[in-house]
Each structure stands twice: as C-alpha cells, then as structure tokens.
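User: I would like to go through this structure term by term, setting each value against its definition.
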Amino acid sequence: MIDCRNNSTKNALADEEHEVTCLVVGQNYEGYRLDVFLSEKIERSRSQIQKLIKDGLVSVRGLSSVKSSARLQAGMEVMVRMPLNEALTLAPEDIEFEVLYEDEDLIIINKPAGLVVHPSPGHWKGTLVQGLLARYPDLFQGEKSLRPGIVHRLDAGTSGLMVVAKHVKAHERMSMLFKARSVAKEYLALAWGAPKNRTGLIDLPIGRDSRNRLRMAVTPKGKRAITRYQVLWTCNGFSFIRCRIYTGRTHQIRVHLKSLGCPLVGDKLYAPRRDPVFESERIFLHAWRLAFPHPITGVNLSFQCYLTEELIAVLQDVFSNKLGRP
C-alpha cells in the first residue's frame with residue numbers, strides 16, 4: 001500500500017526511467033473519475049492518462065484495483081510513475097524575466113513573483129526553465145533533466161535573485177558552493193507581528209507536515225535548517241525582517257518565521273486566516289542579495305536586487321496603517 005507522506009516509499013518507486021508524482025485528492029475532486037482527476041493535475045490528455053493506468057504506473061491508496069473509471073474520495077492518495085521520456089519534453093517559451101548579469105559561465109536573474117522555476121505536476125509549461133531555453137538554446141540540461149541550468153530555486157510566490165549555470169562545470173561547482181554554504185543568500189520579508197528578540201538564529205529542523213503534505217513544518221524528523229534574522233523595523237503590528245539562510249530547505253524562511261509567531265504577509269499556506277494583501281499568490285519575500293566566489297575564476301561576486309514597486313506599495317500601506325492589524 002502506498003503512502004504519499006512517506007518519502008521512503010516514493011524514493012523506492014523512483015528509478016532512472018520514471019519520475020514519481022504524489023497527489024492527494026481534495027474535497028473539490030470528490031466523486032471525480034481517476035483519469036479526469038489526473039488529466040487536470042499533470043496536464044496530460046485523458047488517453048495518455050488511461051495508458052499510464054493500463055500500464056500499471058498509477059497506484060491509489062485504498063483501491064486494490066485501479067481503473068480509469070474509478071471514482072475518487074477526498075483524502076485518497078494517488079501516485080503516478082511518469083516515464084521520463086514523456087515528462088522531459090521541454091519546449092522553449094517566451095517568458096518574461098530580467099537578466100542582471102551574464103558571462104560565459106553564469107546568468108544572474110531577477111525572478112518575478114508568480115513564475116514557477118521548473119516544470120512539475122500542474123506546471124509543465126510556462127516556467128522559468130522554458131524561458132531560459134528560449135533565450136539560451138545551448139543551456140546545459142544534463143541527462144534526463146527537468147531543470148536545465150538550475151542550481152537552486154525560489155518558491156513561485158517569491159521574487160528576486162537566482163543564479164543559473166550555463167554549462168556542466170559551472171553547474172557542478174555552483175552546486176558544491178551551495179552545499180559548502182559558501183553562498184550568502186539574504187532575503188527581505190514582511191511578517192505579521194513581531195519576534196520576541198530583534199535578532200536571532202533559528203536552528204530548527206524542517207520536514208513535511210504530517211497533517212498537510214503541501215506544507216512543511218518544524219519537526220524532529222526533519223532536516224537541519226538554519227536561518228539568521230534581524231528585525232529592521234516594526235510598525236502597526238508588522239515587522240520588516242532581513243533573513244540570511246545557511247541551508248536551503250523548502251519554505252525555510254516561511255516556516256521558521258511562523259515558528260516565531262510571525263507568518264509572512266501574503267502567505268496563504270502558512271497564514272490562511274490572515275487578511276489577504278495580494279490579489280495573486282504573491283508572498284512578501286524577496287531574495288535581495290546573493291554573494292559567492294565565481295565557480296570558475298574564484299573572483300568574489302555580489303549582487304543586489306531591491307524591492308519591487310508592488311512590495312514598496314505594501315510597506316507604504318503599513319506606515320499609513322491601511323493594512324488590517326494582526
């Protein structure tokens with residue numbers, strides 16, 4: 001029996017020829033046919049989905065026999081083993097993003113909020129990767145890679161600086177720099193409330209939330225995560241905070257600041273009861289500084305990317321007390 005919350009199960013099903021996708025059926029898909037549900041979630045035609053099911057590449061927790069016509073119940077867990085030769089069809093697309101620096105080895109970009117970094121279930125098209133391939137057709141892709149040139153990523157709702165490697169040597173060395181914590185990554189965030197201490201180091205492990213697989217949480221079973229923060233100012237129930245992360249866990253700043261009782265403004269996943277601030281899925285989290293030794297030359301590089309007009313407007317609303325109080 002499968003368990004979408006169990007990473008060891010997922011890893012056991014993964015191999016060099018398949019990408020494993022795990023989905024949980026929401027209330028809005030109660031009663032849907034399995035093939036209809038999957039065609040909406042992984043952007044494949046119903047005929048393609050039906051072939052995957054027929055080939056035994058789809059498992060459903062709670063069903064001993066998996067058929068395309070099976071009716072789903074909320075909470076059911078569905079696991080799909082997608083053949084990589086199908087998942088890796090990456091077509092270049094005209095995607096808007098700003099290039100701040102470029103040389104023979106690297107590209108430094110300013111990722112806009114709302115742009116997903118690489119293809120994933122539900123986002124096979126319109127990602128930064130497709131945009132990079134349109135501008136840089138010769139970008140290093142690697143064997144069976146959905147992430148050409150990508151060394152690290154930002155959440156879709158987060159904006160700011162990202163580094164992209166142009167070739168395999170740059171990619172390998174940048175990955176080593178990140179692993180060795182030789183890359184300084186700083187973010188600017190606006191949070192509800194105020195931390196007890198104006199400066200601090202958060203050293204709390206982060207792992208998948210057992211109650212909601214879409215969320216991460218501080219958990220003893222998680223991986224070590226380290227965030228240093230400094231409150232730049234507080235005003236009208238909000239705090240403007242500078243964060244430096246020493247590890248790169250999923251949703252790290254969002255989870256760590258929430259653990260202090262200060263969830264990020266606009267974060268509907270970790271602060272669903274707070275008043276909405278952005279019309280989109282935007283989060284007030286911006287990667288504003290990136291510094292590291294060049295992976296090929298060793299020369300120290302430093303980049304800064306200041307807040308967007310949209311974020312500045314929110315800060316003005318804080319000072320004028322136009323935003324709802326926590």
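Analyst: The buried residues of helix 2 are Leu34, Asp35, Val36, Phe37, Leu38 and Ser39. This is a predicted model, in which local features need pLDDT of at least 70 and side-chain atom pairs count only at pLDDT 80 or more, while totals for chains, interfaces and linings use all residues. Residues are numbered from 1 along each chain as its sequence is written, and side-chain values use heavy atoms, with hydrogens and water left out.

User: What makes helix 2 largely enclosed?

Analyst: Buried means under 20% relative accessible area, exposed over 50%, and partly exposed in between (1.4 Å probe, protein chains only). Six of the eight residues of helix 2 are buried, so the rest of the structure largely encloses this helix. Its buried residues pack against strand 1 (18–24), helix 3, strand 2 (58–60) and strand 3 (77–83). Helices (H or I, at least four residues) and strands (E, at least two) are DSSP runs, numbered from the N terminus. Contact means heavy atoms within 4.5 Å.

User: How do helix 2 and helix 3 cross?

Analyst: The axes of helix 2 (residues 34–41) and helix 3 (residues 46–54) come within 9 Å, and the crossing angle is roughly 115 degrees. Axes are lines fitted to C-alpha atoms, for helices over the stretch in contact, and angles run from 0 to 180 degrees between N-to-C directions. On the helix 2 side the contact is made by Leu34, Asp35, Val36, Leu38 and Ser39, and on the helix 3 side by Arg46, Ile49, Gln50 and Ile53.

User: What is the make-up of this contact by class?

Analyst: The contact of helix 2 with helix 3 has five nonpolar, two polar and two charged residues. Ala, Val, Leu, Ile, Met, Phe, Trp, Tyr, Cys and Pro count as nonpolar, Asp, Glu, Lys and Arg as charged, and the others, Gly among them, as polar.

User: Why are strand 1 and strand 2 at the edges of their sheet?

Analyst: The open sheet of three strands has the order 1-3-2, with antiparallel pairing. Strand 1 and strand 2 each have a single partner strand, so one side of each is left without a neighbour in the sheet. Two strands pair if DSSP finds at least two bridges between them. Strand 2 and strand 3 pair in the antiparallel sense over three bridges, and Val60 has Val78 in strand 3 as its bridge partner. Helix 3 lies across strand 2 and strand 3, at about 100 degrees to strand 3.

User: How do you know that Trp124 is buried?

Analyst: Trp124 has a relative accessible area of 7%, so it is buried. Trp124 sits in the loop between strand 5 and helix 5. The C-alpha atoms of Trp124 and Ile42 are separated by 7.6 Å, with the two residues 82 residues apart along the chain.

User: Which residues have the most contacts inside the largest nonpolar core?

Analyst: A nonpolar core is a set of buried Ala, Val, Leu, Ile, Met, Phe, Trp, Tyr and Cys residues joined through side-chain atoms within 4.5 Å. The largest has 33 residues, and those with the most contacts inside it are Leu128, Leu132, Ile150, Ile253, Leu257 and Leu264. Helix 5 gives the largest share of this core, four residues. A second, separate core of 20 residues includes Leu38, Leu52, Met82 and Trp124.

User: How much of the protein counts as buried?

Analyst: Of its 326 residues, 49% count as buried.
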